[in-house]
Amino acid sequence: MSVYTKESISDLLFEKVDSVIIVDAKKDTYHTIKKQGIFEKLVENDGTYKNLVEKLWFHFNGNPKKISDDYHVFIPMMSQFKGKYVDRINLNIDDKIHLVQISIYPIDETCTQYIFILDELDNSEYLREFLTDKKLDTMQNTFLFSMYVDLIKDISYSINVTEISNNPQNYDVKYSTWRQMIVNMIWPDDQKLFLERTDPEYLKKNLEPGRATSFDCQMKNLEGVYIWVKLIFSRACTTNEEDFRFVFMVQNIHENHLKLFDTLKRYEELASKDPLTDIFNHGDTQ
């Protein structure tokens, strides 16, 4: 077996990886040390960290289409890494999907500077990932978003946006902050209900351990279009009465709602007309 030194291993790793990027989150900058293959097109030699985060995470999974600007308010949170982090994402470059592994290493005590190591995985790895994603899609394709909430600590964590990645995002946010940010994505007429039903005191008062509550409203999806969703809160089933941890999920029910409205409209028309003459009943007008 060959004898390797720290220097030779360092050189070997640098030779093998596809891209190495140094990030300074505080200054909102990045500098590319190495790039080859698809990363020649993906990253610049120098750029803003915000732009790098947008390229890597703020697009639909395996699709070049960008996520609505409304959701870019979460970029500052998603770009903070408290420790080592690994993710796999599907990037669409020149109409071809590439499976990319991202490894992130903080390089200072304040966790504002990072080393990003990017590697494109081979086709067999992509196929395995693709088949796994398809299995997940059959189970979770209606759930757009999920996260854990701890009301006592006022924190939301393990945030998973299905249309971006199947992996939870590596950031957390105060629950109180999240409510005020997400309310802008809710249909104006539904915002009052959203703030009422997601209020910490409401949830503490109305949900016993192991119980769930939900309500329907219209909310902007990642394309910036209002759709009907079901917002679900489920409280952790524990014997501790002071344990106020919850699972929160957003379910896409848009098509079902449209079908329901169409059915109701047809029943209204049937009820307002005489079944024999097809003339509106007394007091009904067109």
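# Close-up views of a predicted model

Figure 1. With a relative accessibility of 34%, Ile 9 counts as partly exposed (buried means under 20% relative accessible area, exposed over 50% and partly exposed in between, with a 1.4 Å probe and protein chains only). The structure is a predicted model, in which local features need pLDDT of at least 70 and side-chain atom pairs count only at pLDDT 80 or more, whereas totals for chains, interfaces and linings use all residues. Residues are numbered from 1 along each chain as its sequence is written, and side-chain values use heavy atoms, with hydrogens and water left out. Ile 9 belongs to helix α1, residues 6–16 (helices, H or I of at least four residues, and strands, E of at least two, are DSSP runs numbered from the N terminus). Together with Tyr 4, Leu 12 and Leu 13, Ile 9 makes a nonpolar surface patch of about 380 Å². Patches consist of residues with over 30% relative accessible area and no salt bridge, like charges being joined within 9 Å and nonpolar side chains (Val, Leu, Ile, Met, Phe, Trp, Tyr) within 5 Å; accessible areas come from the Shrake-Rupley method with a 1.4 Å probe, and for residues only the protein chains shown count as cover.

**Figure 2. The salt bridge between Asp 70 and Lys 220.** The closest N and O atoms of this pair are 2.9 Å apart (a salt bridge is a side-chain nitrogen of Lys or Arg within 4 Å of a carboxyl oxygen of Asp or Glu). Asp 70 lies in the loop between α3 (49–57) and α4 (75–78), and Lys 220 in strand β9 (residues 212–220), so the pair ties together parts that are 150 residues apart in sequence. Asp 70 is partly exposed at 31% relative accessibility, whereas Lys 220 is buried at 17%. A search of the whole structure finds nine salt bridges.

**Figure 3. Salt bridges of Glu 201 with Lys 204 and of Arg 245 with Asp 243.** The side chains of Glu 201 and Lys 204 meet at 3.6 Å, N to O. These two residues are three apart in helix α8 (residues 200–206) and are therefore separated by about one helical turn. Glu 201 is exposed, with a relative accessibility of 52%, while Lys 204 is partly exposed at 26%. In the pair of Arg 245 and Asp 243, the closest N and O atoms are 2.9 Å apart. Arg 245 is partly exposed, at 36%, and Asp 243 is buried, at 12%.

**Figure 4. Asp 28 and Asp 154, with positive phi values.** Phi of Asp 28 is near 60°, a positive value in a residue other than glycine. Asp 28 is placed in the loop between β1 (19–24) and β2 (29–35) and is partly exposed, with a relative accessible area of 30%. Asp 154, likewise not a glycine, has a positive phi of about 55°. Its place is in the loop between β7 (143–150) and β8 (155–161).

**Figure 5. Glu 208 and Arg 235.** The C-alpha atoms of Glu 208 and Arg 235 are 7.1 Å apart in space, although the two residues are 27 apart in sequence. Glu 208 sits in the loop between α8 and β9 and is partly exposed, at 46% relative accessibility.

**Figure 6. The second largest pocket.** This pocket has a volume of about 310 Å³. Among the 14 residues that line the second largest pocket, the closest to its centre are Glu 54, Lys 55, His 59, Pro 64 and Lys 66. The elements giving two or more residues to this lining are α2 (39–42), α3 and β4 (85–93). On a 1 Å grid over the protein atoms alone, a pocket is an open set of points with protein on both sides within 12 Å along at least five of seven lines, a cavity is a set of points where a 1.4 Å probe fits but cannot get out, and lining residues have an atom within 4 Å of a point. Grid points are joined across faces, edges and corners, and a volume is the space filled by probe spheres set on the points.

**Figure 7. The largest cavity.** A search of the whole structure finds one cavity of 30 Å³ or more. The largest cavity holds about 310 Å³ of space. Of its 24 lining residues, Tyr 71, Phe 145, Val 161, Ile 182 and Leu 222 are the closest to the centre. At least two lining residues each come from β7, β8, α6 (175–182), β9, β10 (226–235) and β11 (245–252).

**Figure 8. Cys 111 and Cys 237.** Cys 111 is partly exposed, with a relative accessible area of 21%, whereas Cys 237 is exposed, at 69%. The structure holds zero disulfides (a disulfide is a pair of cysteine sulfur atoms within 2.5 Å).
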